[in-house]
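Please open the structure in a viewer and keep a selection panel at hand.

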Amino acid sequence: MLTYFTNSVPNTSLRIPHFLSPQAPTSNPRAKMMSSSLPENRIVLGCGGVVVDLLAAVASYPKPDDKIRSTSFQVQGGGNAGNALTCAARLGLHTRLISKVADDAQGRGILEELEADGVDTSFFVVSPEGNSPFTYIIVDNETKTRTCIHTPGYPPLVPEELSRSKLESAIDGAGLVYFDVRLHETALVVAKEVWTEASSVPTALLSMLLKLPKVKFVIVTLGEDGCIMLERSHNKASNSEEMCIDEVFESLKQKAPNDDSKPTCVSSSVVTLKADGIGTLCGRLHVGTAEKIPPSELVDTTGAGDAFIGAVLYASCVKLPPERMLPFASQVAACSCRALGARSGLPRHSDTRLAPFLHEGSEIAGLVP
Ligand SMILES: Nc1ncnc2c1ncn2[C@@H]1O[C@H](COP(=O)(O)OP(=O)(O)O)[C@@H](O)[C@H]1O
Ligand SMILES: [Mg+2]
């Protein structure tokens, strides 16, 4: 799930990724020079998790006390923010990441891999002691599931470890700031309020935009079932009638082509959407479909959500409308599902599988690195 805030941090935070448009300070001459020579909004700052993923694919999931062999094995970078920013960097954005590793073999590997992908790691905190975070991932070829066992890094990152000047340099020139799932305590409170009282996913999205008036849009991804996006609108509704959000959702779903294996998006016009007992909102609902990946090509869905988010970061920077952003993000995520792990399948901007989504209009083509 994604939310996008227009300017300042709201009182509540969610256990979901969200983006902010920072007020860029102007104290760092290096970053100022960089930002002036690049298109606006092309620098993205991320703050969140990075790990080492130890991936083992198995023919079928083991029972307790079984001894089995893997069918393939990989060690590669992972973590929500690390994956999403790697995806954005491969698509052509300039990315900076704030996170923490220990000065151990895993930590050094994490940094090297990010740097090889063009992610700026100079804002990382490197702890001289402790351990870097890592995750065992069992990818079951039979059920196509990925089971994760995570060991957090120690000692954890605390705000005092980031000096004011480092923070200002990190933010300087950034068009977007991306946070992953680290704000879990407040997020739980919001999730409890929003999700438990909502009778359906579209209703939950409506409830969220009503409770968080600065949020511009919310997206929920649903694996192979695609995604739903609710976008707030400041334009007038196309007709004065209030429409039940669940009914609008059902009618959009009916319109989504199901003979097409490519990701698509079906959108409502600007309407007044209502949910009983919750309220009304002027906005647009978008239903995105996922690519239908043949079972023989579906390798591993680890990091699909992060790939989707990385593509949304890119699409936001080049101001793609939702109708193009959702199919593009689904396509990037589908590419990532065709290789083991969260990183190895992430496509680059030049990948021919992205071409039909990149060259429809001129906006994206203008950002080719
Ligand atoms: N099995 C799949 N087939 C096709 N696309 C998929 C599949 N799983 C995920 N995706 C794509 O990745 C996006 C994010 O996946 P999702 O499973 O919702 O995220 P997460 O990684 O958080 O579990 C989906 O909206 C879809 O576009
Ligand atoms: Mg999934």
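**First stop: a loop with a positive phi**

Select Lys144, which is located in the loop between S10 and S11. The model is predicted, and the backbone here deserves a look: the phi of Lys144 is positive, about 60°, although the residue is not a glycine. How exposed is Lys144? It is partly exposed, since 16 other C-beta atoms lie within 10 Å; a residue would need 20 or more to be buried.

**Second stop: the sheet on either side of that loop**

Next, select strand S10 (residues 134–140) together with S11. The two pair in the antiparallel sense over 7 bridges. To find one bridge, highlight Phe134, whose partner in S11 is Thr151.

As background, strands of a sheet pair through backbone hydrogen bonds, either parallel or antiparallel. Select strand S4 (residues 51–58) and inspect its two partners in turn:

- Towards S5, strand S4 runs antiparallel, and 7 bridges join the two. Val51 has Gly78 in S5 as its bridge partner.
- Towards S10, strand S4 runs parallel, again with 7 bridges. Val58 stands opposite Asp140 in S10.

Now move to Pro155, in the loop between S11 and helix H4 (164–171). Display the backbone from Tyr154 to Pro155: this peptide bond is cis, with omega near -10°.

Select helix H2 (residues 80–91). How many of the residues of H2 are buried? The count is 12 of 12, so the helix is mostly covered by the C-beta criterion, under which 20 or more neighbours within 10 Å make a residue buried. Among the buried residues are Asn80, Asn83, Thr86 and Arg90, as well as Leu85 and Leu91.

A distance check may be made on the end C-alpha atoms of H2. At 1.5 Å a residue, its 12 residues should span 16 Å, and the end atoms are 17 Å apart, which agrees. Just after H2, select Gly92, where phi is positive at about 120°.

Then select Lys319, which follows H8 and is found in the loop between H8 and H9. Its phi is near 55°, a positive value in a residue other than glycine. Is Lys319 buried or exposed? Lys319 counts as exposed, because it has 10 C-beta neighbours inside 10 Å, and 12 or fewer meets that class.

Centre the view on ligand 1. Which residues come nearest? Of the 18 residues around the ligand, these are Thr221, Gly223, Ala304, Gly305 and Ala333. Helix H8 (304–317) and helix H9 (322–336) are the elements that give two or more residues to this shell. Colouring the shell by residue class gives 10 nonpolar, 6 polar and 2 charged residues.

Select Ile278, in the loop between strand S17 (271–275) and strand S18 (279–288). With 18 C-beta neighbours inside 10 Å, Ile278 counts as partly exposed. Leaving aside residues up to four places away in sequence, Ile278 touches Thr203, Leu206, Ser207 and Leu210. Draw a C-alpha to C-alpha distance from Ile278 to Leu210: the two are 68 residues apart in sequence and 8.4 Å apart in space.

**Last stop: the whole chain**

The chain contains 11 helices and 18 strands, and buried residues make up 44% of its 369 residues. Of the contacts between residues at least 6 apart in sequence, 74% join residues at least 24 apart.

Terms used: Residues are numbered from 1 along each chain as its sequence is written. Chains are lettered from A and ligands numbered from 1 in the order in which they are written. This is a predicted model: local features need pLDDT of at least 70, side-chain atom pairs count only at pLDDT 80 or more; totals for chains, interfaces and linings use all residues. A residue is near a molecule or strand if its C-beta atom, placed from the backbone, lies within 6 Å of it. Helices (H or I, at least four residues) and strands (E, at least two) are DSSP runs, numbered from the N terminus. Ala, Val, Leu, Ile, Met, Phe, Trp, Tyr, Cys and Pro count as nonpolar, Asp, Glu, Lys and Arg as charged, and the others, Gly among them, as polar. Two residues are in contact if their C-beta atoms, placed from the backbone, lie within 7 Å. Two strands pair if DSSP finds at least two bridges between them. The expected span of a helix is 1.5 Å times one less than its number of residues.
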